[in-house]
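Work through the exercises below with the structure in view, and try each task before you read its solution.

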Amino acid sequence: MNSLHPSPDNPLRIGTRGSPLALAQAHETRARLMAAHDLPETAFEIVVIKTTGDKVQDRPLGEIGGKGLFTKEIEEAMLAGEIDIAVHSMKDMPVDQPDGLAMTCYLPREDVRDAFVSASFDRLADLPEGATVGTSSLRRRAQLKFVRPDLRVVEFRGNVQTRMRKLGEGLADATFLAMAGLRRLGMEQVAKAPIDTIEMLPAVAQGAIGIEQRRDDVVAATLLKAINDSETATRLGAERAFLRGLDGSCQTPIGGLAILSGDELHLTGEIIRPDGSERHQAAISGPAENGVEIGAELAERLRKQGGAGFFDAF
């Protein structure tokens with residue numbers, strides 16, 4: 001796509017993973033671009049790209065490379081000129097993009113909370129001692145072990161539908177999913193209870209969709225500028241700076257959430273040992289325009305709280 005306006009003969013190619021949730025996010029992106037620029041659906045082509053994270057389902061993400069597993073092949077396709085933009089779940093995105101690529105657009109953020117999902121129990125506190133919880137998230141696993149060390153936590157990879165099937169087969173008594181994903185799939189009823197962020201701090205950038213482009217693609221930049229949500233961009237700027245200052249991979253359980261109140265940004269963060277034996281939390285506020293600096297400062301505070309060797313242990 002190299003003209004100023006996408007058309008049925010020269011469509012804007014939107015790269016995405018093929019899961020139902022990823023496709024829903026790509027469709028939302030397309031719909032917003034259509035509305036913003038008064039273009040027909042045929043001016044866009046959704047291109048499904050299978051990633052390593054989708055292909056390897058039998059091992060924890062941390063074992064096979066962490067963040068980047070859901071983005072590498074998509075980014076390679078964009079650098080090769082096979083797609084024009086890419087739609088990502090921002091919590092899957094590494095904090096740095098490959099040379100030549102940039103995150104330039106964020107859609108309005110959805111519900112950031114985690115959801116408790118179970119066929120037999122209504123909330124986390126109802127789980128009996130020794131109950132089995134399935135999750136593929138190091139963060140959720142560590143948070144669970146911190147508040148309920150009695151629980152048995154098992155690996156639970158796969159998209160929303162796959163995890164719901166595993167739950168139905170009795171492989172676990174409960175699991176956790178992102179409220180944002182359930183809402184985008186029209187499956188809110190699956191959540192027995194959204195979990196307050198005070199009880200379970202979400203992953204950095206949870207609930208946010210980001211759109212990536214080639215840095216030198218002026219046409220894509222112009223199209224995306226019209227649908228960029230500045231509030232989400234500000235919040236994610238702080239959260240991702242916080243993540244960058246700590247680790248930025250899937251190897252460390254990290255939670256973080258930025259909230260805007262007028263021109264003030266409030267950022268809360270935590271680091272946890274994978275076995276839940278130790279947790280450090282901190283919060284910081286400041287002018288929203290200084291979000292990136294606020295994120296970096298909070299990361300430094302938590303590094304000091306954790307002390308030498310906290311991150312080396314895993």
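This is a predicted model: local features need pLDDT of at least 70, side-chain atom pairs count only at pLDDT 80 or more; totals for chains, interfaces and linings use all residues.

**Exercise 1.** Find the partner with which Asp-84 forms a salt bridge, and decide which parts of the chain the pair links.

*Solution.* Asp-84 pairs with Arg-13, and the closest N and O atoms of the two are 3.0 Å apart, a distance that lies within the 4 Å required of a salt bridge.

**Exercise 2.** Describe how helix 9 and helix 10 pack, and which residues meet.

*Solution.* Two packed helices are described by the angle between their axes and the distance between the axes. Here the angle is about 35°, and the axes of helix 9 and helix 10 (residues 291–306) are 7 Å apart, in a crossing that is right-handed. Then look at the contact, where residues of helix 9, including Gly-237, Ala-241 and Gly-245, meet residues of helix 10, among them Val-292, Gly-295 and Ala-299. Sorted by class, this contact has nine nonpolar, four polar and one charged residues.

**Exercise 3.** Determine which element gives the most to the lining of the second largest pocket.

*Solution.* Begin with the pocket itself, which has a volume of about 150 Å³. Its lining includes Met-103, Tyr-106, Leu-236, Arg-240 and Val-292, and the elements that give two or more residues to it are strand 4 (101–106) and helix 9 (230–246). Helix 9 gives the most, with six residues. Finally, the lining divides into seven nonpolar, two polar and two charged residues.

How values were computed:
Residues are numbered from 1 along each chain as its sequence is written. Side-chain values use heavy atoms; hydrogens and water are left out. On a 1 Å grid over the protein atoms alone, a cavity is a set of points where a 1.4 Å probe fits but cannot get out, and a pocket is an open set with protein on both sides within 12 Å along at least five of seven lines; lining residues have an atom within 4 Å of a point. Grid points are joined across faces, edges and corners, and a volume is the space filled by probe spheres set on the points. Helices (H or I, at least four residues) and strands (E, at least two) are DSSP runs, numbered from the N terminus. Ala, Val, Leu, Ile, Met, Phe, Trp, Tyr, Cys and Pro count as nonpolar, Asp, Glu, Lys and Arg as charged, and the others, Gly among them, as polar. Axes are lines fitted to C-alpha atoms, for helices over the stretch in contact, and angles run from 0 to 180 degrees between N-to-C directions. A crossing is left-handed if the near helix is turned anticlockwise from the far one by less than a right angle, and right-handed if clockwise. Contact means heavy atoms within 4.5 Å. A salt bridge is a side-chain nitrogen of Lys or Arg within 4 Å of a carboxyl oxygen of Asp or Glu.
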